[in-house]
Amino acid sequence: MEFSVKSGNPEKQRSACVVVGIFDRRKLSAAARVLDKASGGVLSTILRRGDMDGEKGQTLWLYNLPDTLCDRVLLVGCGKEREFDEPAYRSVTATMAQTVQRSGAVEAVNYLTDLPVKGRDTLWKISQAVTVTEDALYRFQRLKSKKDDTRRPLRRIVLSVPSRSDLLPGEEAVRIAAAVSVGTRLTRDLANLPGNICTPAYLAEQAVQLKKTYKGLKVEVLEEAGMEKLGMGALLSVSRGSAQPAKLIVLEHRGGKKDRKPVVLVGKGITFDTGGISLKPGAAMDEMKFDMCGAASVLGVMKACAEMMLPINVVGVVAAAENMPDGKATRPGDVVTTLSGQTVEILNTDAEGRLVLCDALSYVERFTPDAVIDIATLTGACIIALGHQATALLGNHSPLAHELLNAGRQSYDRAWELPLWDEYQEQLKSNFADMANIGGRPAGTITAACFLSRFTKKYHWAHLDIAGVAWKSGKEKGATGRPVPLLMQYLLNKAG
Ligand code: BES
Ligand code: MN
Ligand code: ZN
């Protein structure tokens, strides 16, 4: 989608479509009032007759509105004006995008960006309009033999800003948000691909492709032989039962000054998680193709950084492997030695995410990071704790945690902190090794983070458990692209 910004009256827009909001009950927004006046009261007459009362999500098309220059007007119900908050703004924007897309209009001028949202400025609304629209129009059709193409797809959306002085900052907001959307799209595409296509080697290939598109990126792929040499016994224990070799993928975006320490992102890239010998039950096991959503979000962020030429240094690391049962697979009870030298008793081969991550987290010490953030669909317990709304956040440095929580609120891609108290560490005690890889049923998300914390003592670190937010199940099954918006907001805040 092509986005631009413009300031001007709705009746003067020579466009296929003009979109304005209507509040509940039958209350015209400012832009709707201007159209009403220009057309001699057509909008108020229609509302009075009862065709629309402004409930959130309602839509009504008007054609040939007198004394306007556009082909059609879309009225979008926005709910009660007093209750028009961030989720309401996002939801009417999505309704706008989908409705215009179905209409046959190839472009539209959107005045919903003029609606007041409590505590949010024009630039926030512009940036959300871009990301929400791209999100709402996203479809994954690569694997369908017949694509259901829209006859005349929507190509261009013009976003209204209140005055000419908003044009330049508005354009910059569009540029940034569009880059975030490009990254999010890559994340969703990769995550939606099935395990037979999206293997560790495929992810590595995608990283190499990124480097081809964006010359500034650096890429390196570590093979199993190299990992063996380094001593990554934990990571290798996961891919042992798979025909697909593990890959450790490293991407570098050096947008900042040479001597500035990078932010390092580490993604869990289990391209399919059967559970291994601790085999998962069959129900919904297909969704374990999404167990590489952390990795996909790292690749998406790297793409967004390169696309917007973000002026800071970012390193993205993906620990990619497939977790399969096999004659060569790791057994419950096996003890492995991690890259850190610590030994782990693998009591459950289904707790594999922490095994690939712990070695990747030791590996990234070499970058002398400013901060390390790992992103992982790590625990089912996270869904029990926080449902499908919030990413779980845990870490060893509270300023970093707060920056991330804040970025989540700003981008409306929210996280919630869980405690990482020492007392929980006891659950990882093993009689046979330095630690066990599971901590029992209580506080499963926390004990998983406790496990990781033993490998992150040398730097500031935060862990994002995205098990509940990275994809949707049911009729709308598919990847969401979270937490790319959160991570990009964090990096943008850092870039200043
Ligand atoms: N990838 C799963 C976690 C998961 C499960 C995320 C379902 C989203 C939905 C992870 O590898 C796993 O299997 N974790 C186990 C850990 C347990 C064995 C301690 C879990 O959550 O059951
Ligand atoms: Mn698992
Ligand atoms: Zn997993």
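**View 1. Domains of the predicted chain.** The domain assignment, whose bounds come from an automatic or database source, divides the protein chain into domain 1 (2-165) and domain 2 (181-495). This is a predicted model, in which local features need pLDDT of at least 70 and side-chain atom pairs count only at pLDDT 80 or more, whereas totals for chains, interfaces and linings use all residues. Residues are numbered from 1 along each chain as its sequence is written, ligands are numbered from 1 in the order in which they are written, and side-chain values use heavy atoms, without hydrogens and water.

**View 2. The contact between domain 1 and domain 2.** Here 14 residues of domain 1 touch 15 residues of domain 2 (contact: heavy atoms within 4.5 Å). Of the area that domain 1 buries against domain 2 (accessible area lost on being put together, 1.4 Å probe, summed over both parts), Y138, F140 and R142 supply 42%, more than any other three residues.

**View 3. The manganese ion (ligand 2) and its donors.** D273 (OD), D350 (O), D350 (OD) and E352 (OE) coordinate the manganese ion (ligand 2) at 2.0 to 2.2 Å, donors being N, O and S atoms within 2.8 Å of the metal, or 3.2 Å for Na, K and Ca, with water not among the atoms, so sites may look incomplete. The zinc ion (ligand 3) lies 3.1 Å from the manganese ion (ligand 2), and D273 coordinates both.

Technical notes. Buried area = accessible area lost by both parts, 1.4 Å probe.
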